[in-house]
Amino acid sequence: MKTIVRLARDGQADVPVYAIEQDRKVATRSFDLAGSSLFVAEGIFAAEIVAECRRRGVLAGAYALRRPRGATFVRRLARDLAEQRKAPQVLVRRGVALLRAEPAVLRRQTSLGAEAARAGEVLRRVASLLAGHPHRS
């Protein structure tokens, strides 16, 4: 949480670098917003920090993507196979399990404060936020 707040307030922070195939953080790197007043924090666990970000006044919006489950399965599998994240049979089993769990994941994310929306709607809202926010000097 400290990193998110630092990034929102200062425009730069040291962020973790994760190795998915190792299931752990492997390094940190400096990240600079290059003058932007907004950034997107995304991922399966992003909704876990929505309430705290809102409480600290650093949340512009929180969205959980609502997509066709089959499309998500295919995209995830193609990405993971291309990146050789794990053995193909492991990726397929994992993908099927995630496909089945997706409705529950979406319910959890919305219960944590994220709003369920389709990708196009999220992009429109983010564009609107960007249009209304000045860049840092």
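Let me begin with a convention: a residue is called buried when its relative accessible area is under 20%, exposed when that area is over 50%, and partly exposed in between, with a 1.4 Å probe and protein chains only. What we are looking at is a predicted model, in which local features need pLDDT of at least 70 and side-chain atom pairs count only at pLDDT 80 or more, while totals for chains, interfaces and linings use all residues. Residues are numbered from 1 along each chain as its sequence is written, and side-chain values use heavy atoms, with hydrogens and water left out.

I will start with the charged pairs. In general terms, side chains of opposite charge can pair when their charged atoms come close. A salt bridge here is a side-chain nitrogen of Lys or Arg within 4 Å of a carboxyl oxygen of Asp or Glu, and under that rule the model has nine salt bridges. One of them joins Arg-79 to Asp-80, with 2.8 Å from N to O. Arg-79 is partly exposed, because its relative accessibility is 36%, whereas Asp-80, at 2%, is buried.

Another salt bridge links Glu-52 with Arg-55, where the closest N and O atoms are 2.6 Å apart. Both belong to helix H2, residues 50–56, and because they are three residues apart there, about one helical turn separates them. By helix I mean a DSSP run of H or I with at least four residues, and by strand a run of E with at least two, each numbered from the N terminus. Glu-52 is partly exposed at 23% relative accessibility, while Arg-55, at 61%, is exposed.

Which side chain meets that of Glu-115 in a salt bridge at 2.8 Å, N to O? The partner is Arg-125. Glu-115 lies in strand S4, residues 115–117, and Arg-125 in helix H5, residues 119–132, so this pair ties together parts that are ten residues apart in sequence. Glu-115 has a relative accessibility of 37% and is therefore partly exposed, and Arg-125, at 26%, is likewise classed as partly exposed. These two also belong to a network of salt bridges that links Glu-115, Glu-121, Arg-124 and Arg-125.

Let me turn to helix H3, which covers residues 69–82 and includes Thr-72. Is Thr-72 buried or exposed? With 15% relative accessibility, Thr-72 is buried. If we set aside neighbours within four places in sequence, Thr-72 is in contact, meaning heavy atoms within 4.5 Å, with Arg-67 and Glu-102. Ala-71 is also found in helix H3 and is partly exposed, at 35% relative accessible area. From Ala-71 to Leu-99 there are 28 residues in sequence, and 9.7 Å in space between the C-alpha atoms.

Finally, the nonpolar cores, each a set of buried Ala, Val, Leu, Ile, Met, Phe, Trp, Tyr and Cys residues joined through side-chain atoms within 4.5 Å. The largest nonpolar core has seven residues in all, namely Ala-47, Val-50, Ala-62, Ala-64, Leu-106, Ala-114 and Ala-116. Leaving out neighbours within four places in sequence, the contacts of Ala-114 are Ala-47, Val-50, Ala-62, Tyr-63, Ala-64 and Gln-109. Apart from that core lies another, of five residues, among them Ile-4, Val-5, Ala-8 and Cys-53.
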